[in-house]
Each structure stands twice: as structure tokens, then as C-alpha cells.
Amino acid sequence: NYDKIYKQLDKWKVKPISIQKGEGRGIGVLVIADLHSGLKTSAANGTSNTPDYNIEILTTYLKQIAEKVNQLNYKKLHIIILGDLVESVSGYNHLETLKEMEYGITGGNIIIVTYESIKKFIASLLNVEKLYFISGNHGRLTPDNRMDVDGGATQIISYMMKLSIDS
């Protein structure tokens, strides 16, 4: 009865994206850090002294970045995504982290939502040559940094991106 199992697994299959190719000149390096996907702050309701932030705002920022980078018309674009790609997987990275997480975006959901956001962002850029990820202290799978020094969430998202990029 493997057919049933394969059909179930197919919905979780990492879907490839095609890198947009075009004319361009020079080599560009785009460095992005501290995306904190899954974080939700709101100055309006007093939960934060920082500007409002959530997954919609992050998506808007990424779209704006892609538009500006594409205007530079690089022949080859290298993207480096530095630490704190996600706010938290467990919600317990720091004492108040769980309170600052967008509802329902913890655990596996944060990995899926972040992967989908990054995938859409990469697909919107021209001439992506290489994509690099470096984990930060928020990208771990465990509440304690001594239990996951490699940033397991970032590793998973990086692996999924590698699978999805259509060379």
C-alpha cells in the first residue's frame, strides 16, 4: 500500500523554483540579517517599544529588497542570509520569546512559513548564483543554546532551499 503513503508524502514534497535569468553586469552580494520570521510586535497595543513587525511586514520588506536589487541588474547575485532567520522554533529561546511569537507560528510551522517566504523572495530575484545561510542564536531547535549550537532550524530551511532551487 505504498501508493497511499507516497500520495501523502507528495503534499510535503519540496517544490522546485526556477531562478530568473536575464542580462546584467557585475557581481552583487546581498547580505540580509535578523529577519526574525515569526516575531510579532505591536507598539499600538503596548507589547513592544519597537515598530510593528509580523510575517506580512517581513514579506513586504523582502519584496522591496528584491525590487531594489533587481534594479541594480547584476549578472550574478550572491545572497548571504545571516543569523536570526527565525524568531524561535520552541518559543523559549529567551524568557519573553513565546509572548512575542505570531499566533500559530512555532514548531514546524515556523520552518514552513520561513521557508515559503524565503523561497518566494529568492524566486523574485534575478540571476541568483549562490545562496548562503548562517545561523544565529534564534535558529536553534531547542530552548537551550548548549543543546543546539548549529542552529537546526536554519539548517533545515537551508537544506529545503537547496532542494528547491532548480539549477
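Modeller: Let's start with burial: buried means under 20% relative accessible area, exposed means over 50%, and partly exposed is in between, using a 1.4 Å probe and protein chains only. Helices (H or I, at least four residues) and strands (E, at least two) are DSSP runs, numbered from the N terminus. This is a predicted model, where local features need pLDDT of at least 70, side-chain atom pairs count only at pLDDT 80 or more, and totals for chains, interfaces and linings use all residues. Residues are numbered from 1 along each chain as its sequence is written, and side-chain values use heavy atoms, with hydrogens and water left out.

Biologist: Which residues of α3 are buried?

Modeller: An α-helix has 3.6 residues a turn, so residues three or four places apart point the same way. In α3, the buried ones are Ile110, Ile111, Thr114, Tyr115, Ser117, Ile118, Lys119, Phe121 and Ile122. They pack against β1 (17-18), β2, α2, β3, β4 and α4, where contact means heavy atoms within 4.5 Å.

Biologist: What span should α3 have?

Modeller: The expected span of a helix is 1.5 Å times one less than its number of residues. With 16 residues, α3 should span 22 Å, and its end C-alpha atoms are 22 Å apart, which agrees.

Biologist: On to the sheet. In what order do its strands come, and is the pairing parallel or antiparallel?

Modeller: Strands of a sheet pair through backbone hydrogen bonds, either parallel or antiparallel. We call two strands paired if DSSP finds at least two bridges between them. Here three strands make an open sheet, ordered β2-β3-β4, with parallel pairing. β2 (27-32) and β4 (128-133) are at the edges with a single partner strand each, so one side of each has no neighbour in the sheet. On average, neighbouring strands are turned by 15 degrees against each other, direction ignored; axes are lines fitted to C-alpha atoms, for helices over the stretch in contact, and angles run from 0 to 180 degrees between N-to-C directions.

Biologist: How many bridges join β3 to β4?

Modeller: Five bridges link β3 (residues 76-81) to β4, and His78 has Lys130 of β4 as its bridge partner. Helix α3 (residues 108-123) packs on this sheet, touching β2, β3 and β4, and its direction makes about 155 degrees with that of β4. On the other pairing, β2 and β3 share six bridges, with Ile32 opposite Ile81 in β3.

Biologist: Where is Asn54?

Modeller: Asn54 sits in the loop between β2 and α2, and counts as buried at 19% relative accessibility.
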